[in-house]
Amino acid sequence: MYKYFWKKVIDFTLSFLVLSFLWPILLVITVWLHFANKGAGAFFLQDRPGKDGKIFKVIKFKTMTDERDADGNLLPDAERLTKVGRFVRSFSIDELPQLINVLKGDMALIGPRPLLVRYLPLYNKEQVRRHEVRPGITGWAQCNGRNAISWTKRFELDVWYVDHCSFLLDLRIIFLTIRNVLVREGISQEGRATMEGFNGSN
């Protein structure tokens with residue numbers, strides 16, 4: 001009952017309350033990022049697969065510029081990540097606009113993170129089960145290593161959540177997420193500004 005009804009009601013209610021409370025802070029961050037990103041904008045929108053693989057546009061704060069080299073190619077992530085963006089990302093503030101996705105019903109507060117559309121054909125039969133529930137702003141994998149764990153381990157944790165989703169587990173994930181944000185664990189893989197892409201084997 002919780003997984004198929006109450007979870008969505010709670011998600012909508014909490015997201016609405018949090019946005020109502022935080023909107024002045026989010027407005028300040030939006031303006032801050034607009035100038036820090038050198039005209040690249042404050043928001044990042046990208047197609048992501050949701051429940052049952054349905055595609056939606058995820059909303060995040062943009063933490064990088066769009067600077068390019070002499071050949072027109074984007075500079076490496078580490079070079080485009082601004083000081084403001086690094087701060088916003090280190091405290092997971094970049095994820096907060098996804099509360100709008102929760103209000104729209106595309107996402108949940110808790111669930112497997114929505115990944116890139118191009119990964120869909122690479123999943124095996126077990127890994128694709130992560131799409132049996134709505135993706136979340138945070139999830140079981142984020143509480144157990146975040147971006148510092150392997151893709152194989154992340155998918156194992158995602159599918160474990162799908163099979164064990166409950167109100168008490170979601171509460172536990174919320175508290176663990178708050179702890180991880182405060183100590184800033186697993187923000188990225190060692191030596192990288194972001195996590196290495198999934199290639200179907202790692």
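Start by selecting helix α3: among what covers its buried residues are α1 (2-36), β2 (55-61) and α6. This is a predicted model.

**Stop 1: α3**

Highlight residues 83-90, the span of α3. Which residues are buried in this helix? They are V84, G85, V88, R89 and S90. Now step past the end of α3 to S92, where phi is positive, near 60°.

**Stop 2: α1 against α3**

Next, show side chains at the contact. From α1, pick I29, W32, L33 and A36. Facing them in α3 are V84, G85, F87 and V88. How do the residues of this contact divide by class? Seven are nonpolar, one is polar and none is charged. On the α1 side, I29, L33 and A36 are buried.

**Stop 3: along α1**

Where does α1 bend? Centre on L22, where the bend is about 60°. A proline, P24, follows within four residues. L22 is itself buried. Other buried residues of α1 include Y2, K7, D11, S15, L19, L26 and T30.

**Stop 4: F12**

Stay in α1 and select F12. Its relative accessible area is 43%, so F12 is partly exposed. Leaving aside neighbours within four places in sequence, F12 is in contact with V102 and L103. For a sense of scale, draw a line from F12 to W140. These two are 128 residues apart in sequence. Their C-alpha atoms lie 20 Å apart in space.

**Stop 5**

Follow the chain out of α1 to K38. K38 is in the loop between α1 and β1 (43-49). Its phi is near 55°, a positive value in a residue other than glycine. Most residues other than glycine have a negative phi. Is K38 buried or exposed? With 61% relative accessibility, K38 counts as exposed.

Move on to D52, in the loop between β1 and β2. Here too phi is positive, near 60°, and the residue is not glycine. D52 counts as exposed because its relative accessibility is 63%.

**Stop 6: T138**

Jump to strand β4, residues 136-138, and select T138. Relative accessibility is 12%, so T138 counts as buried. What is T138 in contact with, leaving aside its neighbours within four places in sequence? Show L109, I110, G111, R113, I173 and T177.

**Stop 7: α5 against α6**

Select α5 (residues 151-164) and α6 (residues 167-183). Their axes come within 9 Å and cross at roughly 140°, and α5 and α6 are therefore oblique to each other.

How values were computed
Residues are numbered from 1 along each chain as its sequence is written. This is a predicted model: local features need pLDDT of at least 70, side-chain atom pairs count only at pLDDT 80 or more; totals for chains, interfaces and linings use all residues. Side-chain values use heavy atoms; hydrogens and water are left out. Axes are lines fitted to C-alpha atoms, for helices over the stretch in contact, and angles run from 0 to 180 degrees between N-to-C directions. Helices (H or I, at least four residues) and strands (E, at least two) are DSSP runs, numbered from the N terminus. Angles under 35 degrees count as roughly parallel, over 145 as roughly antiparallel, 65 to 115 as roughly perpendicular and the rest as oblique. Buried means under 20% relative accessible area, exposed over 50%, partly exposed in between (1.4 Å probe, protein chains only). Contact means heavy atoms within 4.5 Å. Ala, Val, Leu, Ile, Met, Phe, Trp, Tyr, Cys and Pro count as nonpolar, Asp, Glu, Lys and Arg as charged, and the others, Gly among them, as polar. The bend at a residue is the angle between axes fitted to the seven residues ending there and the seven starting there.
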